[in-house]
Amino acid sequence: MTDRGCQNGQSTKTPTSPPPSAWVASQLHGAPTDKTVVDLACGSGRHTRLALGAGLNVNAVDRDTSKLDELSDHPALTISTFDLELGKPYPIDKQSVGCTIVTNYLFRPILSDIVESISDDGILIYETFAVGNERFGKPSNPDFLLQPGELIKATKDRLTTIRYEHATLSNPSRIVARIAAVGPAHKWLNDPPAI
C-alpha cells in the first residue's frame, strides 16, 4: 500500500485517482492559507486531494460529487453539488476565495464570476484545452477551447497574470492554455515566486 497523504487521519489520495496537474501543483503554494480553495468542476477530486494534502480548506464543486464520497467526513472539506451550467447565480461570493482551481473545464458564461470570486490576496489557477486541440481529438468543439490569450483578457481588469502558457503538451498530446493570476494584494506582486 502506498502513502495516502493523510492529514488529521483522513485520506487525501487514492490509488485510482489520476495525478494532479503539474501546473496546478506548481502554483498552489500561492494560495493564502487562511482562505478557502475552490476546486471548480472538481471531477474525481484530484486537486481537492492535492489542496487538502497541503493543509488547505477546500470547497469541491461539481454537478456530480459522488467520486468524493470517501472524503465526505474530512474536516477541511466542503462538498457542493451544483450544476454550473444551469444558468443559476454563481454559487461563490465575490472576492471570497483564496484560490480557485479550474482544469479541463470551460463554460464562458461564468468566467467573469470565477475571476470576481478571487480575494484581493488570492490566486486563480486555470488550465484547459485550447484552439488546435481538435487535431488531437476531443474536445474539438470551439465552445470548449480557449482562444490564444483569452484567459489573460478575461482576468486583466481584476487580476495580474503571474504566469501564462499556451502550449502543446504530450502524454497525452493536447493543446492547453493556462494561467496563474493573482489579486491586487497578493504577496507575489512584491515577492515573486522562484521558478
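Start by selecting R158: this arginine is buried, at 14% relative accessible area. Keep in mind as you look around that this is a predicted model.

D120 sits in strand β5, while R158 belongs to the loop between α4 (150–155) and β6 (160–169), so the pair ties together parts that are 38 residues apart in sequence.

Next stop: D121. Show its side chain together with K35, and you'll see a salt bridge with an N to O distance of 3.1 Å. K35 is in the loop between α1 (22–27) and β1 (37–40) and D121 is in strand β5 (residues 118–129), so this contact links parts 86 residues apart in sequence. Color by accessibility here: K35 is partly exposed at 23%, and D121 is partly exposed at 23%.

Then jump to R49 and E70. Their closest N and O atoms are 2.1 Å apart, in another salt bridge. R49 lies in helix α2 (residues 46–53) and E70 in the loop between β2 (58–62) and β3 (77–81), so parts that are 21 residues apart in sequence get tied together. How accessible is R49, buried or exposed? It's buried, at 6% relative accessibility, whereas E70 is partly exposed at 40%.

Finally, select E127, R163, E165 and R178 together: salt bridges link them in a network.

Key
Residues are numbered from 1 along each chain as its sequence is written. This is a predicted model: local features need pLDDT of at least 70, side-chain atom pairs count only at pLDDT 80 or more; totals for chains, interfaces and linings use all residues. Side-chain values use heavy atoms; hydrogens and water are left out. A salt bridge is a side-chain nitrogen of Lys or Arg within 4 Å of a carboxyl oxygen of Asp or Glu. Helices (H or I, at least four residues) and strands (E, at least two) are DSSP runs, numbered from the N terminus. Buried means under 20% relative accessible area, exposed over 50%, partly exposed in between (1.4 Å probe, protein chains only).
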